[in-house]
Amino acid sequence: MAWAILVLSGVLEAVWATALSASNGFKKVVPTIVFIAGMALSMVGLAFAMKTIPVGTAYAVWVGIGASLTVVVAILRRQERASAARLGLVFGLVACVVGLKVVS
């Protein structure tokens with residue numbers, strides 16, 4: 001259960017990061033609300049997961065999922081360029097997250 005919540009919290013990290021960018025410095029109301037709610041839920045989920053998953057592993061997985069999904073969303077929204085190097089590095093990040101789960 002802790003791992004499922006950790007993955008969901010990582011997804012919510014990508015949600016709040018994307019909403020933060022869309023909020024235009026907190027000038028847009030809806031993205032600002034999504035940012036606040038996403039961040040709060042993401043942190044609560046991370047805290048819950050850390051009850052059973054070691055802090056270093058939980059944090060690395062949380063950040064890895066959030067960062068990877070944030071880059072993918074930015075590429076899909078055409079806010080960032082999709083180069084072979086960028087995609088390869090994101091794949092490597094995902095592989096490291098999966099590796100942490102395997103050895104935990």
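Author: A crossing of two helices is called left-handed if the near helix is turned anticlockwise from the far one by less than a right angle, and right-handed if clockwise. The model is a predicted one, in which local features need pLDDT of at least 70 and side-chain atom pairs count only at pLDDT 80 or more, while totals for chains, interfaces and linings use all residues. Residues are numbered from 1 along each chain as its sequence is written, and side-chain values use heavy atoms, with hydrogens and water left out.

From its first C-alpha to its last, the 22 residues of α3 reach 31 Å, close to the 32 Å expected at 1.5 Å a residue (1.5 Å times one less than the number of residues).

Which residues of α3 are buried? They are Thr-57, Ala-58, Val-61, Trp-62, Gly-64, Ile-65, Gly-66, Ser-68, Ala-74 and Ile-75, where buried means under 20% relative accessible area, exposed over 50% and partly exposed in between (1.4 Å probe, protein chains only).

Leaving aside residues up to four places away in sequence, Trp-62 touches Leu-6, Ser-9, Gly-10, Glu-13, Trp-16, Ser-42, Met-43 and Leu-46; contact means heavy atoms within 4.5 Å.

The helices α1 and α2 also pack on each other. Their axes come within 7 Å and cross at roughly 155°, which makes α1 roughly antiparallel to α2. Axes are lines fitted to C-alpha atoms, for helices over the stretch in contact, with angles from 0 to 180 degrees between N-to-C directions. Angles under 35 degrees count as roughly parallel, over 145 as roughly antiparallel, 65 to 115 as roughly perpendicular and the rest as oblique. This crossing of α1 and α2 is left-handed. Among the residues that meet there are Leu-6, Ser-9, Glu-13 and Trp-16 of α1 and Ser-42 and Leu-46 of α2.

Next comes α4. The axes of α3 and α4 are 9 Å apart, at an angle of about 150°, and the two helices are therefore roughly antiparallel. Here too the crossing is left-handed. The contact includes Val-61, Gly-64, Ile-65, Ser-68 and Ile-75 of α3, together with Val-90, Leu-93, Val-94 and Val-97 of α4, among others.

Lying in α3, Ser-68 is buried, with a relative accessible area of 5%. Beyond residues up to four places away in sequence, Ser-68 touches Val-90, Leu-93 and Val-94.

What happens to the chain just after α3? There Arg-78 takes a positive phi of about 60°. Most residues other than glycine have a negative phi. Arg-78 is found in the loop between α3 and α4 and, at 77% relative accessibility, counts as exposed. Phe-26 likewise has a positive phi, near 65°. Phe-26 sits in the loop between α1 and α2 and is partly exposed, with a relative accessible area of 49%.

Terms used:
Helices (H or I, at least four residues) and strands (E, at least two) are DSSP runs, numbered from the N terminus.
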